[in-house]
Amino acid sequence: MDETGAKPKRSGARLCCTCNQRRAALKRPKTLEQICRECFYDVFEEEIHQVIVTNQLFKPGERVALGASGGKDSTVLAYVLSKLNKKHNYGLDLFLLSVDEGITGYRDDSLETVKRNEIQYGLPLKIISYKDLYGWTMDEIVKVIGLKNNCTFCGVFRRQALDRGAAFLKVDKLVTGHNADDIAETVLLNILRGDIARLSRCTSITTGEDGPIPRCKPFKYTYEKEIVMYAYFKRLDYFSTECIYSPNAYRGFAREFIKDLERIRPRAILDIIKSGENFRISTTTKMPEQGTCERCGYISSQKWCKACVLLEGLNRGLPKLGIGKGRISVNDSEDRNGSDRGKSIASKQCGTLDF
Amino acid sequence: MMQLTLEFGGGLELLCESKKIHNVNVEPQNGSDKLIMKDLLAWVRTNLIKERPEMFMKGDTVRPGVLVLVNDCDWELSGQLNTSLEDKDVVVFISTLHGG
Ligand SMILES: [Zn+2]
Ligand SMILES: [Zn+2]
Ligand SMILES: [Zn+2]
């Protein structure tokens with residue numbers, strides 16, 4: 001029966017194309033099929049299971065942390081992954097891992113959602129905070145640097161915080177809720193920026209296998225529309241307010257463009273991912289040699305990692321250090337590898353979508 | 001006069017004074033005897049949306065990325081803007097664009 005007791009629409013009440021019995025509840029963007037709620041749950045979960053199996057994302061017995069923001073993607077991922085883990089006996093030990101950037105009115109509220117998820121899904125939660133890790137909250141950082149480059153800090157710090165949290169939990173892998181729309185958007189942005197290295201990396205379902213903790217994206221082919229529909233029908237508890245420090249204008253345009261394309265031709269999202277995958281451009285660009293940061297021990301191609309450079313700037317009252325055209329003074333003298341030089345990290349808008 | 005329940009989610013509630021559920025009475029528009037989604041959207045924009053209407057609408061329809069359900073059914077199955085509404089219908093708007 002209808003969980004919500006909503007009355008069926010009399011006219012145009014169509015039947016599900018899968019079971020032919022129940023009233024269709026949505027049109028799948030991927031296939032344009034009309035499908036009922038129950039059949040939708042099945043196919044949604046089954047497709048993610050297939051992605052996990054085909055790409056061999058996990059091995060039995062692995063410890064896996066889920067990057068949990070309290071938002072729709074990671075909430076649905078936590079729900080579906082713990083369900084599939086039981087149903088198909090993946091044998092995974094799952095954890096929720098959240099980063100507390102220290103953003104009043106945003107992260108504190110979304111963390112409340114994650115704490116409820118911890119109880120609802122029975123997954124242990126670890127929260128790692130910028131304050132503990134770096135001595136600064138985002139609120140404090142923004143007070144010093146203003147709203148212009150805060151996403152540089154946010155992005156660099158978050159990536160490292162997740163890795164550190166994952167190391168603390170001693171997990172083998174980190175999964176994130178990036179969905180098909182996110183990936184299509186990132187493909188587009190990397191093309192617009194001519195960032196060949198990131199373009200070929202951003203469609204990989206698993207990244208960072210050379211780094212401390214591999215990251216993977218089980219929602220790589222999952223449409224945002226379906227994630228939100230799933231959360232809505234299942235009444236999953238998620239948090240939806242934009243980061244107050246994230247204007248993200250450029251990325252916003254790319255997103256809007258993707259959504260406009262989707263309206264005309266829903267397959268466009270998968271097509272863009274496919275194009276991204278098919279860009280096999282042979283470059284002579286050497287990937288920067290990975291060493292470790294002399295200061296904190298995090299992986300870095302330079303003497304100091306980006307987080308340490310940014311922190312040094314903050315602590316010395318020179319917050320612009322490390323932002324802009326690659327003038328990272330502490331690293332200038334002893335650049336381990338020239339290829340990463342001059343590549344401004346400020347060109348990235350926000351860390352949440354950085355692959 | 002038609003009694004409708006309108007629900008805003010996924011961050012859209014922020015555009016209407018953080019209130020998620022609105023019980024409203026809407027009259028069929030333009031002298032017609034029925035109300036279709038196109039009319040309702042115009043009505044919502046005028047009467048409920050208090051800020052940043054561009055987050056809700058683009059042209060005469062919802063902004064791409066806003067999902068619409070009429071009685072818990074995707075409006076893409078019922079004719080989108082031409083979906084006709086009846087008394088006591090429940091219309092849900094959810095933004096997919098906020099947060100991950
Ligand atoms: Zn069915
Ligand atoms: Zn940010
Ligand atoms: Zn460091």
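**Walking through chain A**

Reply: A:Q56 sits in the loop between α1 and β3 (63-67) of chain A. Bear in mind that this is a predicted model.

Me: Is A:Q56 buried or exposed?

Reply: Exposed. A:Q56 has 66% relative accessibility, and over 50% counts as exposed.

Me: What is its backbone like, I mean the phi of A:Q56?

Reply: Positive, about 45°, although A:Q56 is not a glycine.

Me: And what about the phi of A:R235?

Reply: A:R235 is not a glycine, yet its phi is positive too, at about 55°. This residue lies in the loop between α9 and α10 (249-264) of chain A. With 43% relative accessibility, A:R235 counts as partly exposed.

Me: Back up a bit. How many helices and strands are there in chain A?

Reply: Chain A has 13 helices and ten strands. It runs to 355 residues, and 56% of them count as buried.

Me: What share of the contacts comes from residues 24 or more positions apart?

Reply: 70%, taken over the contacts in chain A with a separation of 6 or more.

Me: On to metals. Which residues hold the zinc ion (ligand 1)?

Reply: Its protein donors are the SG atoms of A:C16, A:C19, A:C36 and A:C39. They lie 2.2 to 2.3 Å from the zinc ion (ligand 1). A:C19 is in the segment before β1 (26-27), while A:C36 is in the loop between β2 (34-35) and α1, so this pair ties together parts of chain A that are 17 residues apart in sequence.

Me: How are the donors of that zinc ion (ligand 1) spaced along the chain?

Reply: The spacing is C-x2-C-x16-C-x2-C.

Me: And what is the arrangement of donor atoms around the zinc ion (ligand 1)?

Reply: Tetrahedral, because the four donor atoms subtend angles of 100 to 115°. A:C19 and A:C36 are both buried.

Me: Next, what are the protein donors of the zinc ion (ligand 3)?

Reply: Four cysteine SG atoms, from A:C293, A:C296, A:C305 and A:C308. Their distances from the zinc ion (ligand 3) are 2.3 to 2.4 Å. In sequence these donor residues follow C-x2-C-x8-C-x2-C. The site is tetrahedral, with angles of 105 to 117° among the four donor atoms.

Me: Are A:C305 and A:C308 buried or exposed?

Reply: Both are buried. A:C308 is also one of the buried residues of α12(A).

Me: Let's do helix packing. At what angle do α1 and α9 of chain A pack?

Reply: About 130°, with the axes 11 Å apart. That makes α1(A) oblique to α9(A). The crossing is left-handed.

Me: Which residues of α1(A) and α9(A) meet there?

Reply: From α1(A), A:R37, A:F40, A:Y41, A:F44 and A:E45. From α9(A), they meet A:E226, A:I227, A:M229, A:Y230 and A:F233.

Me: And how do α7 (residues 180-193) and α11 (residues 268-278) of chain A cross?

Reply: At roughly 50°, with axes that come within 9 Å. α7(A) and α11(A) are therefore oblique to each other. This crossing is left-handed. The α7(A) side of the contact is A:A180, A:D181, A:I183, A:A184 and A:V187. The α11(A) side is A:I269, A:I272, A:I273 and A:G276.

Me: Back to α9 of chain A. Is A:E224 buried or exposed?

Reply: A:E224 is in that helix, and at 1% relative accessibility it counts as buried.

Me: What is A:E224 in contact with, leaving aside neighbours within four places in sequence?

Reply: A:K72, A:N179, A:D181, A:D182, A:R255, A:K259 and, from chain B, B:T96.

Me: Last one. Where is A:T137?

Reply: In the loop between α4 (130-134) and α5 (138-145) of chain A. A:T137 counts as buried, at 16% relative accessibility. Not counting residues up to four places away in sequence, A:T137 touches A:E101, A:G102 and A:K131. The C-alpha atoms of A:T137 and A:N117 are separated by 24 Å.

Notes:
Residues are numbered from 1 along each chain as its sequence is written. Chains are lettered from A and ligands numbered from 1 in the order in which they are written. This is a predicted model: local features need pLDDT of at least 70, side-chain atom pairs count only at pLDDT 80 or more; totals for chains, interfaces and linings use all residues. Side-chain values use heavy atoms; hydrogens and water are left out. Donors are N, O and S atoms within 2.8 Å of the metal (3.2 Å for Na, K and Ca); water is not among the atoms, so sites may look incomplete. Four donors count as tetrahedral if all angles lie between 85 and 135 degrees; four count as square planar and six as octahedral if opposite donors are over 155 degrees apart and all others between 65 and 115; anything else is irregular. Buried means under 20% relative accessible area, exposed over 50%, partly exposed in between (1.4 Å probe, protein chains only). Axes are lines fitted to C-alpha atoms, for helices over the stretch in contact, and angles run from 0 to 180 degrees between N-to-C directions. Helices (H or I, at least four residues) and strands (E, at least two) are DSSP runs, numbered from the N terminus. Angles under 35 degrees count as roughly parallel, over 145 as roughly antiparallel, 65 to 115 as roughly perpendicular and the rest as oblique. A crossing is left-handed if the near helix is turned anticlockwise from the far one by less than a right angle, and right-handed if clockwise. Contact means heavy atoms within 4.5 Å.
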